[in-house]
Amino acid sequence: MPNYPKSEAILSANTQYIPGGVVSTNRAVDPPIVFDRALGAYMWDVEGNRFIDFHAAFGPYVLGHSDEYVNNAVRRVLDEQRSLYGSGTTTLEGQLAQMICDAVPAVESVQILNTGSEATYQALRLARASTGRSHIIKPQGGYHGWHNDVACNLMTPLGVLGERRVADEYPFLPISAGIPEEHSSLVHPVNFNDLESVEAMCRKYPIAGLICEPILQNVGIIRPQPGYLEGLRALADKYGFILIFDEVKTGFRHALGGFSTLSGVRPDLVVYGKAIANGYPIAVIGGRKDLMDLFVSPDPRRRVLLAGTYNGHPVPTVAAIATIERLAENNGAVYQHMEELGCEMQRGLEEIFKKAGTEAVVARQGSAFCAYFMDHLPVDWHDLAANHDADLDGLIRRELLGHGVYYFQLPMKQCSLSAAHTRDDVRYTLQAVAESLAAVTCRH
Ligand SMILES: Cc1ncc(COP(=O)(O)O)c(C=O)c1O
């Protein structure tokens, strides 16, 4: 197993000034590898090792690292001295907003923010302002940011979560200290793919909104069962709550317009981030115009505050414009390329596990894929936590590092292909998985 002495030294030095040495706590992984540079499908660490990157920084790099087209657009904006004026509006903002509205049928108008967490925060505020209610529903296993309304019930161990309780109430299990009881009492976790539990909450509480990833990707890839998203839409209409699709990870990665476009189910509000700007920091909230107009309601009791010094910063804004241009060119050739690679990867992995006699299934949506070491595709967090061999998953991920293949070093996190990956990368990776599996099953 390779060592990473330079990385360890840098982490140790940074830890003196940065708590834990990392600036987002989920980057504290073992082994610590400090990356120095990234281009296309590859990242290089400070030791000089090259890795084929499937982590993609949790999803943004749909075109690959340091995409030339996007970076050139950014350079032009800087050269043209189009800095952040912080006053009035700009043509870039309008151009990006129009591109998104044109790409997504459910989006009638948008606002431009900086991070996914801000966008989910604002979506829940709009839901509360429009309904005059306070309660929120959130499926288990999904991540929607770090704020009080959503920082709960993520990858909770079953020992803490307890028995599966359909249509009953789970406790709010925070992933952060410092969330007041007044907030947690308003948030009601439910099973993903379980309409009954949503309806039970609606009977019990006046629900303002339900926020979910339309395809659950915080814990790999858990698909909505047939009828689930349509059922959520119907319940939203029946009980008058706002249906919010969190497409921070899935939007623009799976299609222009994201998974909602593919599913045909129209949310009331949708949020995007990550792949929309290929690694530049930007997020977008959009949806029904009557809801979005609450940001400018003439009635101060209904108006939702929209503020942000860096909203619409020209650098990420032009990066998003350039990314969408690249994704749209040649009738979506980028998506076609990633679909072909994804298909080859899925088939190859399935073959490897079958040949080795390893119990495994491969979930995939376009460029995103994930192997679960269990006998069926999971339907919710309980299913996954109870059946997936997370130890084997972790060992394979670790072993792959020695082959120069970077899966994020945490079991159950999905892998992402990009436009920059090639068939050779896929074939090399499959060979590396076969060898890694053989090595770890000997020891497991
Ligand atoms: C589905 C989803 N929603 C929201 C967020 C939060 O986005 P950000 O990290 O930009 O605040 C993430 C981040 O991983 C995410 O995957």
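View 1. Cys-343 is partly exposed, with a relative accessible area of 24%, whereas Cys-370 counts as buried at 2% relative accessibility; buried means under 20% relative accessible area, exposed over 50%, and partly exposed in between, with a 1.4 Å probe and protein chains only. The structure is a predicted model, in which local features need pLDDT of at least 70 and side-chain atom pairs count only at pLDDT 80 or more, while totals for chains, interfaces and linings use all residues. Residues are numbered from 1 along each chain as its sequence is written, and side-chain values use heavy atoms, with hydrogens and water left out.

View 2. A cavity is a set of points, on a 1 Å grid over the protein atoms alone, where a 1.4 Å probe fits but cannot get out, whereas a pocket is an open set with protein on both sides within 12 Å along at least five of seven lines; lining residues have an atom within 4 Å of a point. Grid points are joined across faces, edges and corners, and a volume is the space filled by probe spheres set on the points. By this rule there are three cavities of 30 Å³ or more, and the largest cavity holds about 120 Å³ of space. Among the 14 residues that line the largest cavity, Ala-371, Phe-373, Asp-393, Arg-397 and Tyr-407 are the closest to its centre. At least two lining residues come from each of helix H11 (314-356), strand S12 (368-372) and helix H13 (390-401), where helices (H or I, at least four residues) and strands (E, at least two) are DSSP runs numbered from the N terminus.

**View 3. Leu-401 in helix H13.** Leu-401 is found in helix H13 and, at 4% relative accessibility, counts as buried. Not counting residues up to four places away in sequence, Leu-401 touches Tyr-4, Pro-31, Ile-33, Phe-51, Tyr-406 and Gln-409, contact being taken as heavy atoms within 4.5 Å. Leu-401 and Ala-432 are 31 residues apart in sequence, and their C-alpha atoms are 9.4 Å apart in space.

**View 4. Helix H8 and the elements packed against it**. Helix H8 has 12 residues (228-239), which at 1.5 Å a residue should span 16 Å, and its end C-alpha atoms are 16 Å apart, in agreement; the expected span is 1.5 Å times one less than the number of residues. Buried in H8 are Tyr-228, Leu-229, Gly-231, Leu-232, Arg-233, Leu-235 and Ala-236. The buried residues of H8 pack against strand S5 (135-139), helix H7 (195-204), strand S7 (207-212), strand S8 (242-247) and helix H9 (258-263). Gly-240 follows H8, and its phi is positive, near 75 degrees.

**View 5. Ser-297 in a loop**. Ser-297 sits in the loop between helix H10 (289-292) and H11, and is buried, with a relative accessible area of 9%. Leaving aside neighbours within four places in sequence, Ser-297 is in contact with Arg-302 and Arg-303.
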